[in-house]
Amino acid sequence: MSEKLSRPKGRARRLAGSVSAVVLLVLLVGLSACQTSGPSDITGSLGDTAEATPAPADPRRDIATFHERVRANPKDTDAALKYARALRATGQRAQAVAVMEQAVLAQPSNKALLAGYGRALADNGNFQQAFDVLGRAHTPEDPDWRILSAQGAVLDQLDRHDEARQYYASALKIVPDDPSVLSNLGLSYLLSKDLPKAEETLRRARERAPGDMRVRTNLAVVVGLQGRQADAENIMKADLPPEEGSANVAALKRLLARRDASRADADKIPVAASRRD
């Protein structure tokens, strides 16, 4: 039997992946709610502020501190959340999942712990499990808009964009025009390649949070992906000291160059030869 590998389908998958390569686990990179001094990638939010735990100033010190507290009292909810967050801040995502899993086993109905566990799972790439756990962290009678937004972010990672936007819409009914939810919604449109809609939504987010570097970066990348490089650079350096603005522009160029490299790889896909089994 003769079988011919289909180039168009393979090429389409690569081209679709070019946006994902720039997004680089969009919505799940740099998940803390704190603002950064410069862009590291396109970033969204899983609503860590719902944990009421500020980003650790010294995560390695916090790891030691809260590890001891959790060991002394496995039911210390605050310590478990802060311990897991410090682990995530240092890139120890699998360990953060293990910490939250143990905490939830000790208190299976604790919604704060379920929320933290869901975020840790999402940060580790366990998207379907994260979605299921986050669904247990609040109820339809008492919805948490941060968790709704986080669920949307996870659904976007599962390529379920229409469903994701329903969750963002529910969150926005509770907190109209919240910039973190709008930013996630804008990235959802980016993932489905609706760049004009992504830009429109991210501009709304920036109007409401002009100092949020994640929103600024996301908007600049969407503008740059549409070929308006100068506009994108102006967004990145607006209202900033020259040195900081230049650093942000350089970071933006690296992000867009990553996109161009992904496109180039897609263009180099060879035509597969026919073969006989």
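Q: Which residues of α9 meet α11?
A: Here P179, S183, L187 and L190 in α9 meet V215, N218, V222 and L225 in α11. Contact means heavy atoms within 4.5 Å, and helices are DSSP runs (H or I, at least four residues) numbered from the N terminus. By type, this contact has six nonpolar residues, two polar and no charged; Ala, Val, Leu, Ile, Met, Phe, Trp, Tyr, Cys and Pro count as nonpolar, Asp, Glu, Lys and Arg as charged, and the others, Gly among them, as polar. This is a predicted model, where local features need pLDDT of at least 70, side-chain atom pairs count only at pLDDT 80 or more, and totals for chains, interfaces and linings use all residues. Numbering starts from 1 along each chain as its sequence is written, and side-chain values use heavy atoms, leaving out hydrogens and water.

Q: At what angle do α9 and α11 pack?
A: Axes are lines fitted to C-alpha atoms, for helices over the stretch in contact, and angles between N-to-C directions run from 0 to 180 degrees. Helix α9 (residues 179-191) packs against α11 at about 25°, with the axes 10 Å apart. The two are therefore roughly parallel (angles under 35 degrees; over 145 is roughly antiparallel, 65 to 115 roughly perpendicular, the rest oblique).

Q: How do α7 and α8 cross?
A: The axes of α7 (residues 145-157) and α8 (residues 161-174) come within 8 Å and cross at roughly 165°. These helices are therefore roughly antiparallel. Their contact includes W145 and L148 of α7 and Y167 and I174 of α8.
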